[in-house]
Amino acid sequence: MIMTDNAHTARTAPHTPATAHHHAPRLNFAKAAPKAFKALIGFDAAAREGLDPALVELIQIRASLLNGCAYCLHMHTSDARKAGEDEARLHMIGVWREARRFFTEKEQAALALTEAVTLVSHDGVSDDVYAAAARHFDEPDLARILALIFTINTWNRVALSTAKVAGEDERAAH
């Protein structure tokens, strides 16, 4: 079976130089909507509380890859490296199904759930994907993983909508 990713195809289509690198200035979401921004930070912190930091980064990296968010991808791969993540695993996240030996069954279940939730408009979240995650995580951890997937998808949309530049990490400014 050949699987195509229409979202990926659209993201990788050639861009004209004017649109690829030179966005007009856009709003600073944190300054323009400080209550919403702080609420999102709080939601993100609550989601990751008690979860394995390595798993948190894997989830955030996979969602950022799917969403084509270079800003978040750079941030989370950098964070993962600083936390001691193996470089080979970082390179395999995008093709984890073909590189399963790099990831535990638990991580694979979390990555599959991340994909299903991130691409929810494609096929929903199947009972099989949900059940696999539920076998590996108790309800509180599963709920936090879902919340983490929700937050990284929101962060990806904030970064993409406001044209955040990959390689710039504005977290220290807040």
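Biologist: What should I know about the model before we start?

Modeller: This is a predicted model, in which local features need pLDDT of at least 70 and side-chain atom pairs count only at pLDDT 80 or more, while totals for chains, interfaces and linings use all residues. Residues are numbered from 1 along each chain as its sequence is written, and side-chain values use heavy atoms, with hydrogens and water left out.

Biologist: Why are α5 and α6 called roughly antiparallel to each other?

Modeller: Helix α5 (residues 53-67) and helix α6 (residues 70-82) pack at an angle of about 155°, with their axes 9 Å apart. Angles run from 0 to 180 degrees between N-to-C directions, the axes being lines fitted to C-alpha atoms over the stretch in contact. Angles under 35 degrees count as roughly parallel, over 145 as roughly antiparallel, 65 to 115 as roughly perpendicular and the rest as oblique, and α5 and α6 are therefore roughly antiparallel. The helices themselves are DSSP runs (H or I, at least four residues), numbered from the N terminus.

Biologist: Which residues make the contact between α5 and α6?

Modeller: With contact taken as heavy atoms within 4.5 Å, α5 contributes Glu-57, Gln-60, Ile-61, Ser-64 and Leu-65, and α6 contributes Cys-72, Leu-73, His-76, Thr-77, Asp-79 and Ala-80. The residues of this contact divide into five nonpolar, four polar and two charged, where Ala, Val, Leu, Ile, Met, Phe, Trp, Tyr, Cys and Pro count as nonpolar, Asp, Glu, Lys and Arg as charged, and the others, Gly among them, as polar.

Biologist: What makes the pairing of Asp-44 with Arg-48 a salt bridge?

Modeller: The rule asks for a side-chain nitrogen of Lys or Arg within 4 Å of a carboxyl oxygen of Asp or Glu, and the side chains of Asp-44 and Arg-48 meet at 2.8 Å, N to O. Both residues lie in helix α4 (residues 34-48), four residues apart, about one turn of the helix. By this rule the count comes to seven salt bridges.

Biologist: What other salt bridges can you name?

Modeller: Among them is the pair Arg-81 and Glu-87, at 2.9 Å, N to O; Arg-81, at 39% relative accessibility, counts as partly exposed, as does Glu-87 at 33%. Another joins Arg-144 and Asp-141 at 2.4 Å, N to O, and these two residues, being three apart in helix α11 (residues 139-161), are separated by about one helical turn.

Biologist: Why is Asn-156 called buried?

Modeller: Asn-156, found in helix α11, has a relative accessible area of 0% and is therefore buried. Leaving aside residues up to four places away in sequence, Asn-156 touches Ala-63, Ser-64, Asn-67, Cys-69 and Cys-72. The C-alpha atoms of Asn-156 and Asn-67 are separated by 6.8 Å, although the two residues are 89 apart along the chain.

Biologist: What makes Gln-108 count as buried?

Modeller: Gln-108, in helix α8 (residues 105-118), has 12% relative accessibility and therefore counts as buried. With residues up to four places away in sequence again not counted, Gln-108 touches Trp-96, Arg-100 and Phe-103.

Terms used
Buried means under 20% relative accessible area, exposed over 50%, partly exposed in between (1.4 Å probe, protein chains only).
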